[in-house]
Amino acid sequence: MKPISLIQFLIEERRAGHVNAELSLLIEVVARACKRIAVATNKGAIGGVLGEAGTGNIQGEAQKKLDVISNEILLEANAWGGQLAACASEEMEDPQPIPDMYPKGNHLLLFDPLDGSSNIDVNISVGTIFSVLRCPDGITNPKAEHFLQAGTTQLAAGYVVYGPATVLVLTFGHGTHEFTLDREVGSFILSRRDIRIPEETGEFAINMSNQRHWEAPMQRYVGELLAGKDGPRGRDFNMRWVASMVADVHRIITRGGVFFYPLDAKIRAKGGKLRLMYEANPMAFIIEQAGGAATTGRQRLLELQPTGLHQRVPVFLGSKHEVEVATHYHVEADSAQA
């Protein structure tokens, strides 16, 4: 069977009416930028890109050199194409307008340029996450408030994982599809179409070092998993934790599983750990389109109305049945306290 390139796939999606020409071209530009990031990450220590940049992002987190490089690559690639009205990055406090010398389009792009960057120096998979929204009608200079759209309004979402292979996972709301970078020809090639996540799973991903800070329903749920076949669930579960969201989610996309970053006492004041607009919403869109589920532990993630560009939320996503069980325990606990 003849391989299908990303460009050919995008043309097919246009003919099917799933995307317009502007959105198709935007995804091509993002994919091309991610190929440049892949080259930079692959060079590792010999590329002079490892270590701290000596700066902090809007979250107050120390930036790695590759955080800054990846952010610049994505900004530069998307500045001149004419598909965007503005873009927003997890690394910047405010949205980046499109320079006046370039034409503007009807889309808004949000991205986490290098998710899991704390793992760069130890050569563990990292990645880029992105989300595309429609720019509201009549808005020529979008501000932060124009990005604050519920996840259900996303036109496209995707991530690229830079690992042993460079892999792009993409959705336009018509299924979730995977493309693998063929380094010899320089093209992303369709490697899995219409991915489906098993509804049942025996694997969960969570940072167990935070257990003492979790809420009671999370303690109950994970306690049942750890009890294994002798506990109320009647079977054994395995735990996996990479601490790189793209790597943990890609494992779920590949073979099922669940990923949790629940609310806990340490991060309660912030609302959660992961960013709604740059991480949670795009991943939730991808997971749902693959037959999985994504919640905050209390409600569907994609229905959450954002209140800030850098808003943080709890994240429960992956195989549908386990997400539903964990979410039910939280809702049940809330009802008991009411």
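## Helices α5 and α8

Helix α5 crosses helix α8 in a right-handed manner (the near helix is turned clockwise from the far one by less than a right angle). Helices here are DSSP runs (H or I, at least four residues), as are strands (E, at least two), and both are numbered from the N terminus. The model is predicted, so local features need pLDDT of at least 70 and side-chain atom pairs pLDDT 80 or more, while totals for chains, interfaces and linings use all residues. Residues are numbered from 1 along each chain as its sequence is written, and side-chain values use heavy atoms, leaving out hydrogens and water.

The axes of α5 and α8 (residues 320-337) come within 8 Å and cross at roughly 145° (axes are lines fitted to C-alpha atoms over the stretch in contact, and angles run from 0 to 180 degrees between N-to-C directions). On the α5 side, Pro217, Met218, Arg220, Tyr221, Glu224 and Leu225 take part, and they meet Glu322, Val325, Ala326, Tyr329, His330, Glu332 and Ala333 of α8; contact means heavy atoms within 4.5 Å. This contact of α5 with α8 comprises eight nonpolar, one polar and four charged residues (nonpolar: Ala, Val, Leu, Ile, Met, Phe, Trp, Tyr, Cys and Pro; charged: Asp, Glu, Lys and Arg; polar: the others, Gly among them).

## Met218 in helix α5

Met218 belongs to α5, which spans residues 216-227. The relative accessible area of Met218 is 0%, so Met218 is buried (buried means under 20%, exposed over 50%, partly exposed in between, with a 1.4 Å probe and protein chains only). Beyond its neighbours within four places in sequence, Met218 is in contact with Ile206, Phe260, Pro262, Phe316 and His330. Met218 and Leu263 stand 45 residues apart in sequence, and their C-alpha atoms are 8.9 Å apart in space.

## Helices α1 and α2

Helix α1 (residues 6-15) and helix α2 (residues 21-43) have axes that come within 10 Å and cross at roughly 160°. The two helices α1 and α2 are therefore roughly antiparallel to each other (angles over 145 degrees count as roughly antiparallel, under 35 as roughly parallel, 65 to 115 as roughly perpendicular and the rest as oblique). Their crossing is right-handed. From α1, the contact involves Leu6, Ile7, Leu10 and Arg14; from α2, it involves Ala21, Ser24, Ile27, Glu28 and Ala31. By class, six residues in the contact of α1 with α2 are nonpolar, one is polar and two are charged.

## Helices α6 and α7

Helix α6 (residues 245-255) packs against helix α7 (residues 276-289) at an angle of about 10°, and their axes are 11 Å apart. α6 and α7 are therefore roughly parallel to each other. The residues Met245, Val246, Val249, Ile252 and Ile253 of α6 meet Glu279, Met283, Ile286 and Ile287 of α7. The contact of α6 with α7 holds eight nonpolar residues, no polar residue and one charged residue.

Helix α7 is mostly covered, with twelve of its 14 residues buried; among them are Tyr278, Glu279, Asn281 and Phe285. Just after α7, Gly291 takes a positive phi of about 90°.

## Annotated positions

In an unreviewed entry, UniProt lists Asp115, Gly116, Ser117, Ser118, Asn207 and Lys273 under "binding site". UniProt positions follow the numbering used here, feature names are shortened, and annotations may be inferred rather than shown by experiment.

Asp115 lies in strand β5 (residues 107-115) and is buried, with a relative accessible area of 5%. Not counting residues up to four places away in sequence, Asp115 touches Val126, Gly127, Ile129, Ser244, Met245, Val246 and Glu279. Ser117 is placed in the loop between β5 and β6 (126-134), and Ser117 counts as buried because its relative accessibility is 13%.
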